[in-house]
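This briefing goes through one protein chain by topic. Please look over the sequence and the structure first.

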Amino acid sequence: MTLTLRTKLIWGNVIASQLAIGLFALLLVNLVPELSQSLTLGPVLTCMLLAGALVWLLTRWLTQGLSTSLKALEVGLLNIKDNDFSVNIPESGDSQLKALSRLFNESAAVLRRERQYIYQRELLLDKVIQSSPNVMVLLDDRQRIIYANDAARHLFAKGARIEGGMLEELLSGVSEELASAVINPKGGLFTLASLDEGGEDETWHLSRGRFLLNGQYHHLILLKQMTRELNRQEVAVWKKVIRIISHELNNSVAPIASMVNSGRKLTAPLDDPKLKLIFDTIEDRTTHLSQFIFNYARFAKLPLPKRSEVDWHKLVAQLAEHFGFTLVGELPQRCGYFDLIQLEQVLLNLLKNAHESGSKEEAITLSVNEQHLADGSDGVNIEIADEGSGMSPEVLTQALLPFYSTKHSGTGLGLALCREIIEAHDGRISLHNREQKGLVVRIWLPYDLTQSQA
């Protein structure tokens with residue numbers, strides 16, 4: 001049985017009082033021998049018992065505050081041990097005990113604030129990780145999945161939870177390219193083939209990390225979608241080349257046009273039909289070259305979108321004034337929030353292509369529908385379909401690239417410009433052959449977040 005500090009103090013004082021009385025009696029007997037006859041054992045024992053009882057009661061009363069404070073401190077420390085920092089102990093007893101209790105309460109308050117701060121940071125970090133488009137998977141040393149963000153769940157399991165499972169089991173349900181890339185101990189770029197006919201292959205970058213946590217090695221796998229970033233870098237290079245070429249060509253075309261005008265004036269008195277034909281040909285080709293340069297420069301200097309509210313009924317009515325089509329379904333009542341001029345340019349270009357595909361006008365359709373994606377984002381899905389000749393698989397994979405065209409006089413910038421505008425709106429555009437005949441162009445545009453929250 002373990003004695004408490006209070007019990008030890010009480011019994012220590014009682015024993016000390018008994019020893020003091022006994023020593024005092026012995027001292028009296030030795031100093032005053034005459035008292036030895038009258039000082040018997042009975043009165044001494046009685047005195048010692050009374051003194052012991054009095055000391056016991058007095059010590060118990062004096063140590064009551066100490067006992068209460070120590071008990072409260074013990075309970076408070078046990079709560080802190082159990083990660084409960086909400087406890088406060090009463091400030092009672094003498095000044096030292098009060099100071100100790102006050103110090104404990106201040107320490108508990110600091111721990112509460114620190115835990116709240118850490119908790120908020122953990123929530124923020126988890127929110128950032130869950131919202132990140134990058135795929136993050138944390139494994140233990142046995143390749144068991146400890147943590148995965150939302151992007152990982154959608155990539156590997158179509159949104160289902162994958163924590164607790166084994167990596168080998170997870171990879172059994174994905175494509176061979178993805179499984180091989182994840183199993184490969186080396187990181188780097190790899191390509192996933194598109195599941196849709198004519199769809200764009202996706203380029204991913206995989207990186208790995210290994211670290212020690214709680215005495216156990218953990219493995220972090222990071223996957224980043226690089227397709228759009230690589231496309232943007234490629235387009236940026238093309239734009240730079242276009243600007244350089246346009247600058248040099250303009251420097252040559254302008255003097256040629258000026259010299260043609262001068263030549264016409266100088267040779268006007270000769271009235272030679274051959275000279276007139278030569279000057280007309282030079283002027284016609286320089287005009288064509290200037291228009292050619294202008295079209296490419298427009299692609300290279302595409303401004304950032306100036307977003308504003310877009311009324312779908314008004315936009316569709318404006319499109320119908322230029323090209324005929326059949327509207328499928330109801331238009332969204334909710335206004336979009338895009339660059340009206342750029343979006344109209346995209347849709348007019350796509351409708352123009354549909355009319356040039358050999359499709360009948362009544363077979364060309366336009367539909368606009370609101371769409372909620374699995375990742376929680378809201379937007380609109382726009383589809384323009386025709387019953388023309390469609391595209392071959394080779395053309396589908398390259399149709400959205402700059403300078404690629406199957407038309408004899410095409411510049412290869414129409415669809416590339418559409419793609420640049422849509423991606424500047426954080427959207428996506430894709431081309432697909434229809435089951436029977438014809439082509440369908442799908443555009444997905446997200447609603448502006450600030451506009452949707454307003």
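**Overall picture**

In the protein chain, 57% of the contacts between residues at least 6 apart in sequence join residues at least 24 apart. The model is predicted. Its protein chain has 15 helices and twelve strands. Of its 454 residues, 33% count as buried. The accessible surface of the protein chain is about 28700 Å², and 59% of that belongs to carbon and sulfur atoms.

**Nonpolar surface patch**

- W11, I15, L19, L23, W56 and L57 form a nonpolar patch on the surface. Together they have about 640 Å² of accessible area.
- Two helices, α1 (5-31) and α3 (41-62), each supply at least two residues of this patch. The largest share comes from α1, with four residues.
- L57 lies in helix α3. L57 counts as exposed because its relative accessibility is 51%, and the cut-off for exposed is over 50%.

**R60 and its surroundings**

- R60 is also found in helix α3. At 39% relative accessibility, R60 counts as partly exposed.
- Which residues does R60 contact, leaving aside neighbours within four places in sequence? They are R6 and I10.
- L9 and R60 are 51 residues apart in sequence. Their C-alpha atoms are 8.6 Å apart in space.

**Helix α8: two sides**

- Helix α8 spans residues 176-183. Its residues L178, A179, A181 and V182 are buried.
- These four sit on the same side of α8, because they cover an arc of only 165° around the axis.
- E176 and I183 are exposed, on the other side of α8.
- What do the buried residues of α8 pack against? Their partners are α6, α7, β3 (188-192), β4 (202-213) and β5 (216-225).

**Salt bridges**

- The structure holds eight salt bridges. Three of them follow, by position.
- R153 pairs with D150 in a salt bridge. The closest N and O atoms are 3.8 Å apart. Both residues lie in helix α6, three residues apart, or about one turn of the helix.
- Is R153 buried or exposed? R153 is buried, because its relative accessible area is 9% and buried means under 20%. D150 is partly exposed, at 22%.
- D280 forms a salt bridge with K276, with the closest N and O atoms 3.1 Å apart. D280 and K276 both lie in helix α10 (residues 273-300). They are four residues apart, about one turn of the helix. D280 is partly exposed, with a relative accessible area of 28%.
- E383 forms a salt bridge with R442. Here the closest N and O atoms are 3.0 Å apart. E383 lies in strand β10 (residues 378-385) and R442 in strand β12 (residues 439-446), so the pair ties together parts that are 59 residues apart in sequence.
- E383 counts as partly exposed, at 24% relative accessibility. R442 also counts as partly exposed, at 32%.
- Salt bridges that share partners join D150, R153, R161 and E163 into one network.

**Positive phi**

- Most residues other than glycine have a negative phi.
- N83 has a positive phi, near 65°. N83 sits in the loop between α4 (64-81) and α5 (95-131). With 52% relative accessibility, N83 counts as exposed.
- K158 has a positive phi too, near 55°. Where is K158 placed? K158 is in the loop between α6 (150-157) and α7 (167-171). K158 is exposed, with a relative accessible area of 81%.

**Cysteines**

- How many disulfides does a search of the whole structure find? The search finds zero.
- C335 is partly exposed, with a relative accessible area of 31%.
- C418 is buried, with a relative accessible area of 2%.

Methods:
Residues numbered from 1 in each chain as written. Predicted model: local features only at pLDDT ≥ 70, side-chain atom pairs only at ≥ 80, totals over all residues. Heavy atoms only, no water. Buried < 20%, exposed > 50% of the residue type's maximum accessible area, 1.4 Å probe, protein only. Disulfide = S-S within 2.5 Å. Arc of directions from axis to C-beta. Contact = heavy atoms within 4.5 Å. Patch = residues over 30% accessible without salt bridge, like charges linked within 9 Å, V, L, I, M, F, W, Y side chains within 5 Å. Areas by Shrake-Rupley, 256 points an atom, 1.4 Å probe, with all protein chains shown as cover. Salt bridge = Lys/Arg side-chain N within 4 Å of Asp/Glu carboxyl O.
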